[in-house]
Protein chains: 4
Amino acid sequence: MAKAQEMLDTYPRSFNVDAGVLARTIEALIECASTCTLCADGCLSEPGLSPDLAKCIRLCSDCADICSTTSRVVSRQTEYDANVTRPLVEACVSACRSCADECGGHAEHMAHCRICSESCRRCEQACQELLSAMK
Amino acid sequence: MAKAQEMLDTYPRSFNVDAGVLARTIEALIECASTCTLCADGCLSEPGLSPDLAKCIRLCSDCADICSTTSRVVSRQTEYDANVTRPLVEACVSACRSCADECGGHAEHMAHCRICSESCRRCEQACQELLSAMK
Amino acid sequence: MAKAQEMLDTYPRSFNVDAGVLARTIEALIECASTCTLCADGCLSEPGLSPDLAKCIRLCSDCADICSTTSRVVSRQTEYDANVTRPLVEACVSACRSCADECGGHAEHMAHCRICSESCRRCEQACQELLSAMK
Amino acid sequence: MAKAQEMLDTYPRSFNVDAGVLARTIEALIECASTCTLCADGCLSEPGLSPDLAKCIRLCSDCADICSTTSRVVSRQTEYDANVTRPLVEACVSACRSCADECGGHAEHMAHCRICSESCRRCEQACQELLSAMK
């Protein structure tokens, strides 16, 4: 899709971070947000919907919200403020890890949880690379 | 990215709409939401920020919010309710058109507006294809 | 809370709509978004979580997303574009009605659904008043 | 508005935190999210829109997004995971502080910035009280 990279190439000021790392992180965040929304809905449609799936639905909903907001905040380069961006990306790493762990536990019997878990792991790693690049 | 298609392939119930059309629409929506967020930020960083750019920033902010919410609502297949999904997708078509028009007017001198305008047009068209497929 | 009214009183331009009607609608939208998020979570925590509750969780999630985005779009007065705002508020009316109907059906045995249903009805009505005021 | 408290009173399980503190935090978060959206729009409508206001618009946009997502995540009590909630509330404290500082600097000549700054301070404090109550 590389659309984030194409947009960042047109940014009228200079960056506070490597634009390639930033573009990959934005792509990982919006993919993870979308995958988590789809996984929560997949769980909700399971014929065996029961309290056993409540944790997965809850974490996928949180992770979708947090990744979506993080994608917006890191996309904004104007007057960058590390006090806003850094703690949020750290919170996103932690949310992706929790969701990946939970979905990973259901991966064998629900394929949407397997794909979602992989998406959360990639996003967790992309956010950590962004944090390193922001140093 | 084709991640939406991969997730839809694992959905545990049957669909109320063609899954290929739906997957393409989800991808167009999340790309457009991201591009609009980046375009609003690009405008905000322009050295010539003035009231002339207020309309573009405002419409990009609206379009980002509406496309993001629409991507979530159409992703949810569980207990589909046309009274929720259809008017929202129609509102999204209209928002994408307004934003594409406004950004298109700045396309010659701001490259982020040119790319954003194209992204909004693709999203407008994808949403219209989804509306046709939902009939 | 009347915070929206207090903020609108400081808006540096003139309004395209009655500010009192707008302020009440913003308050109804953010209350409804919050109530729907809490109702979806209440359903998810019910000891009897089963496919019977999937529709309620799904509609509350949609309604929370749509009311939240609508609250942002109607809050923005800069360079007002009726083609963006009006169809979205209409979509919000329809989403609130669907969610109120579904939660209303559970009102007798789940108190969170009763309160959520009332909140959706108030929001539906506030949005309709805004639509009339926008004429 | 006290709607969050009324909803929390109907929650079908027990809480991991004092419900009164949680309700006040939810109210502060949704008020702050709304106020920041209105302040960004107020700035955008200022006759003197220039690069001097870019930082304020950017931080208000971030703070609106972060407070809105935080209000959703703390509202979810089902299968509470401190690894998700705590870092996000900490990130929200930091975002509210940055936005309050920036808007506070414009408070004398833009009334929307004065009200927004106060709203961010209240939200920062409410989030810190929630963090203490979560211990």
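Let's start with α3(A) and α5(A). Helix α3(A) passes α5(A) in a left-handed crossing. This is a predicted model, so keep that in mind throughout. Two packed helices are described by the angle between their axes and the distance between the axes. For α3(A) and α5(A), the angle is about 35 degrees and the axes are 12 Å apart.

Which residues of these two helices meet? On the α3(A) side, look for C56(A), C60(A), C63(A), C67(A) and V74(A). On the α5(A) side, they meet C113(A), C116(A), C120(A), C123(A) and L130(A). Sort that contact by class and you get 10 nonpolar residues, no polar ones and no charged ones.

You will have spotted the cysteines there. So, how many disulfides does the structure hold? Over all chains, the number is 0. Take C123(A), which is in no disulfide. Its nearest cysteine sulfur belongs to C96(A) and is 3.8 Å away. A disulfide is a covalent bond between the sulfur atoms of two cysteines. The cut-off used here is 2.5 Å between the sulfurs.

Now jump to chain D.

H112(A) counts as buried, at 1% relative accessibility. What does H112(A) touch? In chain A, its contacts are C39(A), G42(A), C43(A) and E46(A). In chain B, they are M7(B), T10(B) and P12(B). That list leaves out residues up to four places away in sequence.

Next, chain C. Find L29(C) in helix α2, residues 19-44. L29(C) is buried, at 0% relative accessibility. Which residues does L29(C) touch? Leave out residues up to four places away in sequence, and the list is C67(C), T70(C), S71(C), V74(C), C92(C), C123(C) and C127(C). Pick C127(C) from that list. Along the chain, L29(C) and C127(C) are 98 residues apart. Their C-alpha atoms are separated by 8.3 Å.

On to helices from two chains. Take α4(B) and α4(C). Their axes come within 8 Å and cross at roughly 170 degrees. That angle makes α4(B) roughly antiparallel to α4(C). The crossing is left-handed.

Who meets whom here? From α4(B), the residues are N83(B), V84(B), P87(B), L88(B), A91(B), S94(B), A95(B) and S98(B). From α4(C), they are N83(C), V84(C), P87(C), L88(C), A91(C), S94(C), A95(C) and S98(C). By class, this contact of α4(B) with α4(C) divides into 10 nonpolar, 6 polar and no charged residues.

Helix α4(B) has another partner in chain C. Helix α4 of chain B, residues 82-105, also packs with helix α3 of chain C, residues 54-75. These axes come within 11 Å and cross at roughly 25 degrees. Is α4(B) roughly parallel or roughly antiparallel to α3(C)? That angle makes the two roughly parallel. Their crossing is left-handed.

The contact uses V84(B), T85(B) and L88(B) from α4(B). From α3(C), it uses R58(C), L59(C), D62(C) and I66(C). Count by class, and the contact of α4(B) with α3(C) has 4 nonpolar residues, 1 polar and 2 charged.

Last stop: a backbone angle. Most residues other than glycine have a negative phi, and most peptide bonds are trans. Now look at E79(A). It is not a glycine, yet it has a positive phi of about 50 degrees. Where is E79(A)? In the loop between α3 (54-75) and α4 (82-105) of chain A. At 31% relative accessibility, E79(A) counts as partly exposed.

E79(D) has a positive phi of about 50 degrees and is not a glycine. Its place is the loop between α3 (54-75) and α4 (82-105) of chain D. E79(D) is partly exposed, with a relative accessible area of 31%.

Note on methods: Residues numbered from 1 in each chain as written. Chains lettered and ligands numbered in written order. Predicted model: local features only at pLDDT ≥ 70, side-chain atom pairs only at ≥ 80, totals over all residues. Heavy atoms only, no water. Helix = DSSP H or I, 4+ residues; strand = E, 2+ residues; numbered from the N terminus. Buried < 20%, exposed > 50% of the residue type's maximum accessible area, 1.4 Å probe, protein only. Axes fitted to C-alpha atoms, helices over the stretch in contact; angles between N-to-C directions. Parallel < 35°, antiparallel > 145°, perpendicular 65-115°, else oblique. Left-handed = near helix turned anticlockwise from the far one by under 90°. Contact = heavy atoms within 4.5 Å. Nonpolar A, V, L, I, M, F, W, Y, C, P; charged D, E, K, R; others polar.
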